[in-house]
Amino acid sequence: MKLVTLGTGSPLPDPNRAGPATLVRVAGRDFLFDCGRGVLMRLAASWTGPVQIEQVLLTHLHSDHVTDFNDLVTMRWVMSPVENPLPVSGPPGTAAFADRTLAMLSDDIGYRLAHHDDLNWRPACSVTEVSTGVDDGVVLDDGVARIWAAPTDHAPVQPTVGYRVEAEGRSIVIAGDTVPCEGLDRLCRGADVYVQTTLRRSLIEAIPAPRLQDILGYHSSISDAAATAARAGVGTLVMTHMIPAPAPGTEAQWIAEAQAVFTGEIVLATDLWGREM
Ligand SMILES: [Zn+2]
């Protein structure tokens, strides 16, 4: 397996961090988790692209996690030599979201169908909405890889899920935006790598903007993420989607804050950071 943090930014535009997106490659197959700003550029840098993606798995429908979904749909369509519907998994609401995306693209779809004689099919998504109840939903289980989802807690945004990929005796958790919760603990139990969107509470609390204070309640802080990692006995905590993006030179402070709670390996991800495992 290979893990690549394609985009490690948050909604706040950053010159060096694309929006949230993570790639997991299993036996040559590429699974894309979320589709944030610039995802196709980061996939290109990872020597893959929209045509090859095996499946897109959305953690939730917040704009920063899906803003370039439409780019993925369009470029998969126009770059594929034959019909190539995009498999998509996500929480309930994902099918309607995909339908609305295709509706938004209807002008462009019309232009390209009229222009290219050899393009005579429309873009399509095949959507599977995963369980967000007390039961965990299996997204894929084909003997080589197993991917399952569990509900997370990003309230008031609902529903949201995290994913666990298991293959070749290893496991990776893509948690998405969530505070610590039972579903997250189930996903993380004994995982080799746990990828968590993280905020640094002290920095956010110091900015007197009510809209920023609102985000404190629905993201894992550094110590929250570290506590989840410690409780679950994971091997490596990967912090991503940092809010705010660490100022150059402050990375060690983020790591130290996590080390106070979790004694395993800690990674503060940058775009295109990768781990073969
Ligand atoms: Zn979110």
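This is a predicted model: local features need pLDDT of at least 70, side-chain atom pairs count only at pLDDT 80 or more; totals for chains, interfaces and linings use all residues.
Student: In what order do the seven strands of the open sheet stand?
Tutor: Strands (E, at least two residues) and helices (H or I, at least four residues) are DSSP runs numbered from the N terminus. Two strands pair if DSSP finds at least two bridges between them. The pairing in this open sheet is mixed, and the order is S6-S5-S4-S3-S2-S1-S15.

Student: Which strands stand at the edges of the sheet?
Tutor: An edge strand here has a single partner strand, so one side of it is left without a neighbour in the sheet. This holds for S6 (125–129) and S15 (273–276).

Student: Why is strand S2 described as largely enclosed by the rest of the structure?
Tutor: A residue is buried if 20 or more other C-beta atoms, placed from the backbone, lie within 10 Å of its own; it is exposed if 12 or fewer do, and partly exposed in between. Strand S2 (residues 21–26) is largely enclosed because, of its six residues, the number buried is five.

Student: Which residue in S2 is the bridge partner of Leu 3?
Tutor: Strand S1 (residues 2–7) pairs with S2 in the antiparallel sense over five bridges. Within S2, the bridge partner of Leu 3 is Val 24.

Student: Which residue takes a positive phi in the hairpin of S2 and S3?
Tutor: S2 and strand S3 (residues 29–33) pair in the antiparallel sense over five bridges. Their hairpin has two residues between the strands, and the residue with a positive phi near 50° is Ala 27.

Student: How many residues does the largest nonpolar core have?
Tutor: A nonpolar core is a set of buried Ala, Val, Leu, Ile, Met, Phe, Trp, Tyr and Cys residues joined through C-beta atoms within 7 Å. Val 24 and Ile 172 are among the residues with the most contacts inside the largest one. The size of this core is 67 residues.

Student: Is Ile 174 buried or exposed?
Tutor: Ile 174 is found in strand S10 (residues 170–174). Two residues are in contact if their C-beta atoms, placed from the backbone, lie within 7 Å; beyond four places in sequence, Ile 174 touches residues including Phe 33 and Val 195. Because Ile 174 has 29 C-beta neighbours inside 10 Å, it counts as buried.

Student: How are H9 and H10 oriented to each other?
Tutor: Axes are lines fitted to C-alpha atoms, for helices over the stretch in contact, and angles run from 0 to 180 degrees between N-to-C directions. The axes of H9 (residues 222–232) and H10 come within 8 Å and cross at roughly 45°. Angles under 35 degrees count as roughly parallel, over 145 as roughly antiparallel, 65 to 115 as roughly perpendicular and the rest as oblique. The two helices, H9 and H10, are therefore oblique.

Terms used: Residues are numbered from 1 along each chain as its sequence is written.
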